[in-house]
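The sequence and structure are shown first.

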Amino acid sequence: MPQRDLAFDVETDLLVVGAGAAGMTAALVGALEGLQVILCEKSDMVGGTTATSAGTVWIPGNRQGERAGTPDTVAAARTYLAAMLGEHAADPRLDMFLKAGPIVLDYLERKTSVRFAAPPVHPDYKNLPGAAIGGRALGAVPFDGRKLGRDFARVRPPRREFMVLGGMMVGKADIPALLAPFGTLTNFRHAAGLLARHALDRISYRRGTRLIMGNALVARLLASIRCAGVDLRFETGLSDIICDGDEVVGAVLSSPAGEMRMRARKGVVLATGGIGWSRELRERLFPEAAHRYSLAPPSNTGDGILAAERINADIDSDLDSPALWMPSSVMTHPDDHVSIFPHIMLDRAKPGLLAVNPTGRRFVNEADSYHDFVAAMLRSNASTSAAAPAFLICDRTFIRDFGIGLVHPGTKDLNTYLQAGYLIEGETIDQLAHKIDVDGEQLAQTVERYNRHAQTGIDDDFGRGSSALNRFNGDPLTTPNPCLRRIGPGPYFAVAVWPSDLASSAGLRTDSYARVVSHDGKILPGLYAAGTDSSSIFRGTYPGPGTMIGPAIVFAWCAAMDAAGALRRFSLY
């Protein structure tokens, strides 16, 4: 209900709640456009889910790809999205995203330290007309964390499972050099440089200051909002939204100093991280099998969505999927730390691994995107047990060559993982089947059929290795199919993977300017939502890498620009 007690403790032009990529972008752009901005973050660190992600943005038709020699066009992206979304490709928000995306990238590059670069190959996730091999997905340029000074400690670190040597970030391009430092002179130089830099870092810092991927993007945004003079307040979370009649005029926030009522003259931007760990929203919107695990920070508890719903905002959940999914394995370490490890692309696409459901049958092209993997898993489990995991199956040679989940390539002593129950071992397929409680005869048939596919190089069941994405993440040294290799002889190993949400797709209904829409279809004046607080413009599908962060940044920019009355400069009204 609207709150009519309009006494305020603090006043500002723009209030932004949540300091992930969307919130920091909105705050930064608002300040650059001359607004007084307060950015409130519930936790004691910035970054949200972005900080632990690859930090990729999917923005078609950008100049960065053209500069790198991998040009892309908005027209091609429209063709791709039309093939994926059908009639929903006519969504006005999608049109705004495609028009504004390149403008936003150029704006940030011109006015801030936020920089992106196009890798030569970074394929879209679907093999559809208009799909791009490169140029459409951009990565954040690495950043030197030392430039942040004391603020470096405020950047949410990556998952510890993705760091080595007590806090050194490692990207996909670093792995070959670190695994074979003496293989080539180039490998040696690269590995030696990384190790020397990290050794110096650990003298003065708790972790490495060479920031890449999502950490680089978050650090660049943080450096930029500090330069822009944004008032950043930590441990300050959203409790309620304040209305004057139908207009949103501020919010109630909880802080270490107590409850605070903040007036926002130009608007409130919600960017609190979507559904996250909210039990209420997870039970209402997610399938039962996906209630258990999330890759969101613990502080993401649906605050923005729930507060907006209390003032009659509409939650759009009529989507292809309420979330973007990730298969994750889980292990409790001797220090009681629980790892929820996302199986992004380092093992599933590699040759010599297959995935089975509780019946012992394959159910998916294991090399497809993580979202598609879990979507197939959820469909498969609907006819079996909703609470059962899938299993990744491989042999000892696979672990030596590629690793699996938390087990790094080349690991010789597997006892820690076996004793924790993370790795399950069987000398024979039948013995492994017994340990993971699937039918031994069926699993043996599944492995035998997979091995026949590996011999011919053609996966007649799921087409593994047939797309650019599959081949990109496979092993180029394996022929004729970089994603297929015989499994066996034993011993054989299994790792259980569970559905987890990488980010929510269901969220607040918004318009093309990120303004929140009510149940009766009217704009709620003064209220914006960006990032996963707003519903996905891709309707719960996953077109390619960065299709959460890309729209998050673009619509955060739209929200701040609309609040500042500056969108007309870009002919976007």
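## Salt bridges across the structure

A salt bridge is counted when a side-chain nitrogen of Lys or Arg lies within 4 Å of a carboxyl oxygen of Asp or Glu. With this criterion, a search of the whole structure returns 35 salt bridges. Side chains of opposite charge can pair when their charged atoms come close.

The model is predicted, so that local features need pLDDT of at least 70 and side-chain atom pairs count only at pLDDT 80 or more, whereas totals for chains, interfaces and linings use all residues. Residues are numbered from 1 along each chain as its sequence is written, and side-chain values use heavy atoms, with hydrogens and water left out.

## Pairs within helices

Helices (H or I, at least four residues) and strands (E, at least two) are DSSP runs, numbered from the N terminus. Helix 5 (residues 92–111) contains both Lys-99 and Asp-95, which lie four residues apart, about one turn of the helix. These two residues form a salt bridge whose closest N and O atoms are 3.1 Å apart. Accessibility is classed as buried under 20% relative accessible area, exposed over 50% and partly exposed in between (1.4 Å probe, protein chains only). Lys-99 is partly exposed at 48%, and Asp-95 is partly exposed at 25%.

Helix 9 (residues 279–285) holds another such pair: Glu-280 and Arg-284 are four residues apart and therefore separated by about one helical turn. Their side chains meet in a salt bridge at 2.9 Å, N to O. Glu-280 has a relative accessibility of 45% and counts as partly exposed; Arg-284, at 40%, is also partly exposed.

## A buried partner and a network

Arg-515 and Asp-511 form a salt bridge, with the closest N and O atoms 2.7 Å apart. Arg-515 is partly exposed at 26% relative accessibility, whereas Asp-511 counts as buried at 13%. Elsewhere, salt bridges with shared partners join Glu-11, Asp-13, Arg-263 and Arg-265 into one network.

Two strands pair if DSSP finds at least two bridges between them. Strand 16 (residues 323–332) pairs with strand 17 in the antiparallel sense over five bridges. Ser-339 in strand 17 is the bridge partner of Met-331. Five residues lie between the strands of this hairpin, in which Asp-336 takes a positive phi near 75 degrees.

Strand 17 (residues 338–342) is largely enclosed by the rest of the structure, because four of its five residues are buried.
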